[in-house]
Amino acid sequence: MNRRSSAAAAIALVCALTVLAAPGQAFADPKPAKPPRSEQSLQEVRGEIDALYRKAGAATDAYNLAEERADKQSAEIVKLAKEIVKGQKRIDGLKKRVGAEARAQYRNGGLPPEAQMMLSGDPSHFLDGAGRIREGQQAAKGLLGELARTQADLEAYTKDAASQWEQLEAGRKKKEAAKKEIKKQISAAEKLEATLEKEERERLLKMEQDAAYKAQTAWLDSGALRGIGGEASDAGKTAVAYATAQIGKPYVWGAEGPGSFDCSGLTSQAWLAAGRGIPRTSQEQWKRLPRVDVKDMRPGDLIVYFDDASHIGMYVGDGAMVHAPRPGRDVTIAGAGSMPILGVVRPDR
């Protein structure tokens, strides 16, 4: 290699080294990884996420209740509308009969029956006429009374229908407000979860499982199941079979099957499959269904959780329950004592 070639090679090498060393180039040192969250920090995140999903669950109950009432009000409005149509037809018929009576009187010269009878010189006709007058007067009073009652009923039906429409509109607004609240809380929880690294999400899931196991163990150690051994009723067995057949299907707020469920959608549909219609929401199930002591619990009974009755599951025996946990989770079997128990209700008591 001559001197000119050696100089060119040296220049090229220097240029290459300069490019590689220049700041901001593709070969710069990678950005250091974010340090993992501490256990305390992750526990705080878990608490925030749980609180957000709890709020979403409460809003879901409000949404479901508004929807249930709207369905009932819509059915009541249809019923009232049919009564209004029937009442109007009846009034039209009564008015025709009143008109016929008036026309008959006009054809008789406009004289009332009493006057016509007095002008008659035939005693037998007078006696016969007196009976007919009494009958006619009673019939006329009955006709007018029936017309007045039917008109009053029609006014009442109309008033009730207007009231139901107002309640339906108010319920629609509540439903929309609850829907916005649900989406807001779920979105906030999902955004918070999205800030976690994969390893942190795995740790968070492990924390949830550990907390549930700890709560379940404490519940069992308390003797809560001591003496429990009640047999499920036939309806209870059917309800349990339905609920457990849904395991693996996703939680979706407001859903009641067949492809997805929320917590009370699962329990209400399970008991509907068993031939028992129960309220749609966990709070209404807690309010309106007969209550039993935990020590008397049997498969098919519903376990209500948290002070606001915002979650519900179905006891399946051996200290376990089936439930639809929350958004992002599937219908699953869990420990009956893995969450704070408010009480137990029995749909077929």
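How many nonpolar, polar and charged residues are in the lining of the largest pocket? By class, 14 are nonpolar, eleven polar and nine charged. In that count, Ala, Val, Leu, Ile, Met, Phe, Trp, Tyr, Cys and Pro are nonpolar, Asp, Glu, Lys and Arg are charged, and the others, Gly among them, are polar.

**Before you click**

You have a predicted model open: local features need pLDDT of at least 70, side-chain atom pairs count only at pLDDT 80 or more, and totals for chains, interfaces and linings use all residues. Residues are numbered from 1 along each chain as its sequence is written, and side-chain values use heavy atoms, with hydrogens and water left out.

Colour by pLDDT, the predictor's confidence in each residue from 0 to 100. The protein averages 82, and 78% of the residues score at least 70. Now select residues 1-28: their pLDDT is below 50, and beyond near neighbours in sequence the stretch has three contacts in the model, a contact being heavy atoms within 4.5 Å.

Switch to cartoon to see eight helices and six strands. These are DSSP runs numbered from the N terminus, helices being H or I with at least four residues and strands E with at least two.

**Stop 1: the largest pocket**

Select Glu208, His323, Pro325, Arg326 and Met339, which lie nearest the pocket's centre among its 34 lining residues. The elements giving two or more residues to this lining are α2 (39-107), α5 (198-221), α7 (263-273) and β5 (332-335), and α2 gives the most, with nine. The volume is about 920 Å³.

A pocket here is found on a 1 Å grid over the protein atoms alone, as an open set of points where a 1.4 Å probe fits, with protein on both sides within 12 Å along at least five of seven lines; lining residues have an atom within 4 Å of a point. Grid points are joined across faces, edges and corners, and the volume is the space filled by probe spheres set on the points.

**Stop 2**

Among the buried ones are Cys263, Leu266 and Trp271.

Centre on Trp271. With Leu302 and Met314, Trp271 touches the most other members of the largest nonpolar core, which has 23 residues. Such a core is a set of buried Ala, Val, Leu, Ile, Met, Phe, Trp, Tyr and Cys residues joined through side-chain atoms within 4.5 Å. α6 (234-245), α7, β2 (302-305) and β3 (311-317) each give two or more residues to this core. A second, separate core of 16 residues includes Leu42, Ile186, Ala189 and Leu204.

Beyond α7, pick Gly275, whose phi is positive, near 90 degrees.

**Stop 3: the loops**

- Pro258, between α6 and α7: the peptide bond from Gly257 is cis, with omega near 0 degrees.
- Gly230, between α5 and α6: the C-alpha atoms of Gly230 and Asp296 are separated by 6.9 Å, although the two are 66 residues apart along the chain. Gly230 also touches Met297, Arg298 and Pro299.
- Phe306, between β2 and β3: phi is near 70 degrees, a positive value in a residue other than glycine.
- Asp318, between β3 and β4 (320-323): phi is positive here too, about 55 degrees.

Note on methods:
Buried means under 20% relative accessible area, exposed over 50%, partly exposed in between (1.4 Å probe, protein chains only). Lists of a residue's contacts leave out its neighbours within four places in sequence.
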